Structures are given as structure tokens and as C-alpha cells.
Amino acid sequence: FGGPWMARTPFVLTLHDSVFWDAPGTLSRLGRLYYRPSVERALSSRYLRRVLFVSAAARDTVLRHFPALASRAAVTGGATA
């Protein structure tokens, strides 16, 4: 983690669920202080080209929090993303 959004190159992000935003009380200290801010930074990056989801349900719950990503969201249909 840290990923390509720290550089200035186009990238694709895979998200599996919306636990960072739906259940913040369940996050570990690392999740609160590192992973959630890293994912939020990636989602707001101008270099983000596509956000992949393993299911339509995961996509829909994340888009509830970040509706501006709708045009860049795609469902892969499997966990091989």
C-alpha cells in the first residue's frame, strides 16, 4: 500500500467493500490512520483512471459515499481483479 497515487502516473484501484466508510468503528489503528486516508487520497487523485469492484453491491455502497466516481467504476465479476 502507498501505491501509485503517490507518483504521477495513471493507475487503477480495486476496492472490495466500503468498510472504511460504513463501519469506521471496526477499523484497527492502522486502518484509521493509514489505509483509510490512503484510499481516500487515491480516490481523489487526478491520476485515478478506473475503480474496480468484485461485485455490484460493493460498487453501489462505495458510490454512495463517492458518487463522482460513477463514470470510472466497473465491476469485474470476480475476485481476480
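Modeller: This is a predicted model. To begin inside the sheet, valine 51 stands opposite alanine 73 in strand 3.

Biologist: What makes strand 2 and strand 3 a pair?

Modeller: Two strands pair if DSSP finds at least two bridges between them. Strand 2 and strand 3 have three bridges, in the parallel sense, so they meet the requirement of at least two.

Biologist: How do you know that strand 1 and strand 2 pair?

Modeller: By the requirement of at least two bridges. Strand 1 and strand 2, the latter covering residues 48-53, are joined in the parallel sense over five bridges, and therefore count as paired. Opposite leucine 48 of strand 2 stands phenylalanine 11, and opposite arginine 50 of strand 2 stands valine 12.

Biologist: Which residues of strand 1 lie on its covered face, and which on its uncovered face?

Modeller: Phe11, Leu13 and Leu15 form the covered face, whereas Val12 and Thr14 form the uncovered one.

Biologist: What makes up the largest nonpolar core?

Modeller: The largest nonpolar core has 18 residues. Those with the most contacts inside it are Leu13, Leu15, Leu43, Leu48, Val51 and Phe53. Strand 1, helix 1 (19-22), helix 2, strand 2 and helix 3 each supply at least two residues of this core.

Biologist: Which residues does leucine 43 touch?

Modeller: Leaving out residues up to four places away in sequence, leucine 43 touches Leu13, Leu15, Trp21, Leu48, Val51, Phe66 and Leu69.

Biologist: Why is proline 10 called exposed?

Modeller: Exposed means over 50% relative accessible area. Proline 10 has 54%, so it counts as exposed. Proline 10 sits in the segment before strand 1 and still touches Tyr47 and Arg49, not counting residues up to four places away in sequence. The C-alpha atoms of proline 10 and arginine 46 are separated by 8.3 Å, although these residues are 36 apart along the chain.

Biologist: Why is arginine 32 called partly exposed?

Modeller: Buried requires under 20% and exposed over 50%, with partly exposed in between. Arginine 32 has 43%, so it counts as partly exposed. Arginine 32 belongs to helix 2, and its contacts beyond four places in sequence are Pro24, Leu27 and Pro37. From arginine 32 to phenylalanine 20, twelve residues apart along the chain, the C-alpha separation is 8.0 Å.

Biologist: What makes alanine 56 partly exposed?

Modeller: The relative accessible area of alanine 56 is 34%. That value lies between 20% and 50%, so the label is partly exposed. Alanine 56 is in helix 3. Alanine 56 and alanine 73 are 17 residues apart in sequence, and their C-alpha atoms are 9.8 Å apart.

Biologist: How much of the chain counts as buried?

Modeller: Of its 81 residues, 32%. The accessible surface of the chain is about 4,900 Å², with 55% of that belonging to carbon and sulfur atoms.

Biologist: Where in the chain is confidence lowest, and where highest?

Modeller: Confidence is lowest in helix 1, at a mean of 78, and highest in strand 3, at 94. For the chain, the mean pLDDT is 81, and 88% of the residues reach 70 or more.

Note on methods: Residues numbered from 1 in each chain as written. Predicted model: local features only at pLDDT ≥ 70, side-chain atom pairs only at ≥ 80, totals over all residues. Heavy atoms only, no water. Buried < 20%, exposed > 50% of the residue type's maximum accessible area, 1.4 Å probe, protein only. Areas by Shrake-Rupley, 256 points an atom, 1.4 Å probe, with all protein chains shown as cover. Helix = DSSP H or I, 4+ residues; strand = E, 2+ residues; numbered from the N terminus. Core = buried A, V, L, I, M, F, W, Y, C linked by side-chain atoms within 4.5 Å. Contact = heavy atoms within 4.5 Å. pLDDT = per-residue confidence, 0-100.
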